[in-house]
Amino acid sequence: MKTQRYDMIVIGAGPAGLSAAIEAAKCGLNPIVFDENTKPGGQLFKQIHKFFGSKEHKAKVRGFKIGGELLAEAEKYGVEVILNATVVGLYLQKEVTVKIGDKVKHYKGDAVLVATGASENMVNFEGWTKPGVIGAGAAQTMMNLHHIKPGNRILMLGSGNVGLVVSYQLMQAGCEVVALADAAPRVGGYGVHAAKIARCGVPFYLSHTIVRVEGDDYVTGVVIGQVGADWKIIPGTEKHFDVDTVCLAVGLSPMSQLLKQAEVKMNDTKGGYVPVCDKYGATSVPGIYAAGDVSGIEEASSAMIEGRMSGSAISFYLGYITEEERDTRIDELENQLDTLRQGMFAPKNRGKLIEKTDEGIEVSINLLNRGFVTDDEIERFPGVTYQKGIHPVIECTQNIPCNPCQDACKKGCIKIGKNIVSLPAVNSKIKCVGCGMCVASCSGQSIFLVEEDVEEGYGEVTMPYEFLPMPQVGDKGIALGRNGQYVCDAEVTKVRIAPAFDRTYLLTIKVPNDMVMKARFYKKQA
């Protein structure tokens, strides 16, 4: 068998693998990237939502655009990407065997980076193998890559960021999400993701899990039940929903089989086997590195940074850059990574109940238990102000690493400061011009423009809107509150779109003055 040799072999053309190959190619290496899929980019091309973080993390840019930018950069630096190529073996000598078509080929690298990502977890319940029970990632693939609706009426199990984001995207695709359930007692993902689902009218059932799925040949219904402190179903708490699809977002496990095969030292964790790595991504086997979800589950933004760190480290390992050059680059990247690992959702806080924000404000318990902040609770937060004239209302209530709104407001109405996880505040001394850039740029869709007395007795609320068909000026409907319930009748007065809004429409509705601080979603009358 003929062996082909490369400076660097990368397994996986997702955000971590491509980023690592690009970083290495910039340093002069000749990397090759293998991926078993028909398209490179990994999860990025399924992610139609806007990313959190700062400019350095591609904040307010949609995932598929970031994927396109990575591919363009890889092509620019001559990174060779082989698709439909399944790596079936990784050995101590940094050799790999790859199945391409009906042939198995042999490659040897001076260094190997494993960036194989993660696979979806499943849970067992009566009927879990029926057609119509799918992973949330599979639903995302069907919708955002193949443009196929996964179902019509769907129940989502799992309230982490994946479950929340995919639930919203299901509604954008025209599906009805009848409920979101989770055995955990609190919402696991970002509150802003939960809030935008709740105001669409989707109920949350925390401390609930699936009892059984109904249907002979495919899903026709689902029964959930409340769990007690022992995680067992409490008799008499069962609730039935007519659905044709059940989506599972119950976590991910690193796809670390190749690393185990290469005899890399592993940690056996509750989340699966995770390779033991140093800060450069180096494993216990010299020349074999790991980056992205295979080395620990995080967001795609973190995976890209980890990939670049490994690419820089491998460049030093192979003698293409100096130790000083490596350390300078790693320090820069570590600072970016540390920024993403701050706030309430930092790794050190996993599983903890955070009762107060960094500013000392009591966290909304209702948000954690039911997915939305109540009218009384929302007034605690610095982004929620009452002013004359048009002004932003920022319903961001948790310390998460994100600051696009501060950059978007050229007038300086919005301030977060140097600490990216600080709650955004509104500077009432600066006049808002109503441009709407803050509304469109918010990755969590948690900013609204509010103005009272636009006409006698009536004000206006401008909100982000990403559903089709787009309402038209003059349409009459109803306004829903943060809890997804009716608050008043509403009329569409403006619909704005601009290239700078990046496909987020700004929808303005007219409501009574006493409803401008409550109306948070528009629904057209049937």
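This is a predicted model: local features need pLDDT of at least 70, side-chain atom pairs count only at pLDDT 80 or more; totals for chains, interfaces and linings use all residues.
**Helix α2, its surroundings and the charged pairs of the model**

Helix α2 is followed by Gly-78, whose phi is positive, near 75 degrees.

The burial pattern of α2 is worth a look next. Gly-63, Ile-66, Gly-67, Leu-70 and Ala-74 are the buried residues in this helix. Viewed down the axis of α2, the buried residues fall within an arc of 105 degrees, so they line one face of the helix. An α-helix has 3.6 residues a turn, so residues three or four places apart point the same way. On the other side of α2, Glu-75 and Lys-76 are exposed. As for partners, the buried residues of α2 pack against α1 (15–26) and α7 (300–317).

Charged side chains come next. Side chains of opposite charge can pair when their charged atoms come close. A search of the whole structure finds 25 salt bridges. Some of these charged residues form a network of salt bridges, in which Glu-23, Lys-26, Glu-73, Arg-308, Arg-329 and Glu-332 are linked.

A salt bridge also joins the side chains of Arg-62 and Asp-502, with an N to O distance of 3.8 Å. This pair links distant parts of the chain, 440 residues apart: Arg-62 lies in the loop between β2 (31–34) and α2 (63–76), and Asp-502 in the loop between β26 (486–496) and β27 (505–512). Both Arg-62 and Asp-502 are buried.

The side chains of Arg-482 and Asp-375 meet in another salt bridge, at 2.6 Å from N to O.

Strands β25 and β26 run antiparallel and are joined by 5 bridges. Within this pairing, Ile-478 stands opposite Asp-489 in β26. The hairpin of β25 and β26 has 5 residues between the strands, and in it Gly-484 takes a positive phi near 80 degrees. Strand β26 also pairs with β27 in the antiparallel sense, over 5 bridges. There, the bridge partner of Val-492 is Ile-509 in β27. In a regular strand the side chains alternate between the two faces of the sheet.

Another strand, β5 (residues 95–100), is the place of Val-98. Val-98 is buried, with a relative accessible area of 0%. Which residues does Val-98 contact, leaving aside its neighbours within four places in sequence? The contacts of Val-98 beyond those neighbours are Phe-34, Ala-85, Thr-86, Val-87, Val-88, Lys-103, Val-104, Lys-105 and Tyr-107. By contrast, a separation of 55 Å lies between the C-alpha atoms of Val-98 and Pro-382, which are 284 residues apart along the chain.

The cysteines complete the account. How many disulfides does the structure hold? The number of disulfides is 0. Cys-396 is in no disulfide, and the nearest cysteine sulfur, that of Cys-442, is 6.6 Å away. Cys-396 is buried, with a relative accessible area of 12%. For Cys-435, the closest cysteine sulfur is in Cys-438, and at 6.3 Å the two sulfurs are too far apart for a bond. Cys-435 is partly exposed, with a relative accessible area of 40%.

Note on methods:
Residues are numbered from 1 along each chain as its sequence is written. Side-chain values use heavy atoms; hydrogens and water are left out. A disulfide is a pair of cysteine sulfur atoms within 2.5 Å. Buried means under 20% relative accessible area, exposed over 50%, partly exposed in between (1.4 Å probe, protein chains only). A salt bridge is a side-chain nitrogen of Lys or Arg within 4 Å of a carboxyl oxygen of Asp or Glu. Helices (H or I, at least four residues) and strands (E, at least two) are DSSP runs, numbered from the N terminus. The arc is that of the directions from the helix axis to the C-beta atoms. Contact means heavy atoms within 4.5 Å. Two strands pair if DSSP finds at least two bridges between them.
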